[in-house]
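Biologist: Please put the model up, and I will ask about it point by point.

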Amino acid sequence: MLSESARMTTAREASYRIQYPNSRERAVKVIALDPVAATVLEPISKGAWHGAAFFTSLNFAATATPGQGLDAWLKDVTGHAMNLISEVAASDFVVVITSVGEDARAVSVIADACKLHNKTLVGLIVPREGATDADVTASLADLRPYARMLVVASGADYIEAMLTALRA
Amino acid sequence: MLRKEQNDYLTQTGPGTPLGNLFRCYWMPALLAEELPEPDCPPVRLKLLSERLLAFRDSEGKLGLIDEFCAHRGVSLWFGRNEECGIRCPYHGWKFDVSGQCVEVPSEPVESGYAKKIKLKSYPLIEKGGVLWTYMGPPEKQPPEPEFEFCTVPLNQTFMTKRLQESNWLQAMEGGIDSSHVSWLHRGDLSNDPLFKGAAGNKYNMKDLSPVFEVVENDGGLLIGARRNAEDDQYYWRITPWVMPCYTGVPPRGDHPIHGHFWVPIDDESCWAWSYDYHPTRPLTEAEVSAMRDGKGIHVKYVPGTYIPAANKNNDYLMNRAAQKAGKTFSGIEGIGMQDASLQESMGPICDRTKENLVGTDNGIIMARHRLMRAARALAEKGTIPPGVDPEHHKVRQAALLLKHDVQFKEGAKEALKAKKGVRQTSV
């Protein structure tokens, strides 16, 4: 007689896996940290996403300093300003995108918001023409203290691949 | 999550499929050298990338890997007689050499030249590091021989086993780059297994169950760094290399031998999990080899006379609920190899990735899939040679080390990640 595992691991048994959805839509906030990343993000935002919202810039109060200030606004791709804290609070996780060598220090403001609401921050570094290894190192240094997962991709096409894989 | 068509793309490796064409760009482990130990020994039938093949070593010691079936009436040549520099079909006596060339058709006059017109498909088969490797792609694109460190050190410094895994290759390989499962599924083995225990770095694994990950593309594939908190201003980094399409390395522990895997598709519903262990600078000790033969570390015990794990799906992997409850093992299954295999086989023969829910820390898996698809497309559309074919890409090592907080692991571990003859692995 076949063991239970032997019976249950056949292709036929796999076909009986129930077809009900096992998850709900994710609210993912995707934030470009610099103008180059914003340019990359804009066409991606026009895709058919489930619960992803795309933001092309971050502004925070002049009195605030990175790492301390939470009085901040995000601008979405249509130009609407949204409150950073509210957006992060309503998210399942946050993805920040930066281009190699660009100033990504604003991530600390987003990280503070994530910390406040206990949200995971994923950092993605995409290539930029003319960038050097030292630029990659600098970008990693900006994001490392805050990101739970950091990815250095060799092409911007990875943004779409990653967001699709994460059901964004 | 993958769409169904993406999942099919990555899991189908038969002839003519995009991933099948990608796999056919590389040298791959086909058999252990021990399976064809001497001239005129019994032939071995095997299936690779959904092709039924026969391997044999002829009277002069030459290796052959040919179509399994006789060109005459389709009999399996496994029943053949391996004699006088060829394999002879027992049905009507047709004989083939290691290149698949038919050299004798007894019913036809030699002068007719009939035999010369019959040739079975064959692939090159070479021996290196105790492994017989094959290349199943176009002959004109055959790459230089593999240079993975485990197959270039002296034979007394390396040990290789293989085990049958009854699942698609991709779900098996993804386990090899999924560093976050180690602290859970294998937690009991860090302190008990003779090939893991005692390493200073183990304490960091046990203390910090929430590693932080960095994924960086490398020439041949990926480097996946998992960092955990260590003393002072340091992180404990465990760096896993993935060389395309199916080589993964496990970061080392102390002075224990280095280990890792190849995940080679047999067909779309099964694969060979190859497990290597080697030390770059010293022979393996008797105790180490004995432990490996006994199924410790990443190796398994076998059903005698086979490469089928003794704990397998036919005996529910010898599930031990008491050991699970007592915390001796986390899953109730003994041994790292079968802890992984039992769960990966439970996904079904081909994992349905349309239903999975990945999280940010799964980016190593996401990136590996992305690179495989990108490489397969570039090969199909432009004929681009994929990463991992160049033997220089094989000269990568896994590493475990402490680095200051502000050091990037790819930079800080640059030398540690290079395979260098006579240089010990970097390990904590």
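Biologist: Where in chain B does B:Glu84 lie?
Modeller: This is a predicted model, in which local features need pLDDT of at least 70, side-chain atom pairs count only at pLDDT 80 or more, and totals for chains, interfaces and linings use all residues. Residues are numbered from 1 along each chain as its sequence is written, chains are lettered from A and ligands numbered from 1 in the order in which they are written, and side-chain values use heavy atoms, with hydrogens and water left out. Helices (H or I, at least four residues) and strands (E, at least two) are DSSP runs numbered from the N terminus. On that numbering, B:Glu84 is in the loop between strand 5 (81-82) and strand 6 (87-88) of chain B.

Biologist: Is B:Glu84 buried or exposed?
Modeller: Buried means under 20% relative accessible area, exposed over 50%, and partly exposed in between (1.4 Å probe, protein chains only). The relative accessibility of B:Glu84 is 60%, so the residue counts as exposed.

Biologist: What is the phi of B:Leu318?
Modeller: Most residues other than glycine have a negative phi. B:Glu84 has a positive one, near 45°. B:Leu318, in the loop between helix 7 (286-293) and helix 8 (321-326) of chain B, is exposed because its relative accessibility is 51%. Its phi is also positive, near 55°.

Biologist: Which peptide bond is cis?
Modeller: Most peptide bonds are trans. B:Pro245 sits in the loop between strand 15 and strand 16 (247-250) of chain B. With omega near 0°, the cis bond is the one from B:Met244 to B:Pro245.

Biologist: How many residues of helix 5 of chain A are buried?
Modeller: Helix 5 covers residues 107-117 of chain A and is largely enclosed by the rest of the structure. Among its buried residues are A:Val107, A:Ile110, A:Asp112 and A:Cys114. The helix is followed by A:Asn118, whose phi is positive, near 55°. The count of buried residues is eight of the 11.

Biologist: What area do chain B and chain A bury between them?
Modeller: Contact means heavy atoms within 4.5 Å, and 45 residues of chain B are in contact with 37 residues of chain A. Buried area is the accessible area (1.4 Å probe) that two parts lose on being put together, summed over both. Carbon and sulfur atoms carry 49% of the total, which is about 3300 Å².

Biologist: Which residues of chain B lose the most area to chain A?
Modeller: Three residues together account for 19% of what the chain B side buries. They are B:Met1, B:Lys355 and B:Gln408.

Biologist: How many salt bridges are there between chain B and chain A?
Modeller: A salt bridge is a side-chain nitrogen of Lys or Arg within 4 Å of a carboxyl oxygen of Asp or Glu. The whole structure has 36 of them over all chains. A:Asp157 and B:Arg374 form one, at 4.0 Å from N to O. Between chain B and chain A the count is two.

Biologist: How many residues apart in sequence are B:Arg374 and B:Glu217?
Modeller: Their side chains form a salt bridge at 3.0 Å, N to O. B:Arg374 is in helix 10 of chain B and B:Glu217 in strand 13, so the pair ties together parts of the chain that are 157 residues apart.

Biologist: Is B:Glu217 buried or exposed?
Modeller: B:Arg374 counts as partly exposed because its relative accessibility is 23%. The relative accessible area of B:Glu217 is 11%, so B:Glu217 is buried.

Biologist: Which residues are joined with B:Arg374 into one network?
Modeller: The network is made by salt bridges that share partners. Joined with B:Arg374 are A:Asp157, B:Glu217 and B:Arg371.

Biologist: With which side chain does the side chain of B:Gln344 make a polar contact?
Modeller: B:Gln344 is in helix 9 of chain B and counts as buried because its relative accessibility is 6%. Residues that it touches include B:Ser167, B:Gln171 and B:Gly175. A polar contact is a pair of N or O atoms within 3.5 Å; within protein, one must be able to donate a hydrogen and the other to accept it, and residues adjacent in sequence count only if both atoms are side-chain atoms. At 2.8 Å, the partner side chain is that of B:Gln165.

Definitions and conventions: Lists of a residue's contacts leave out its neighbours within four places in sequence.
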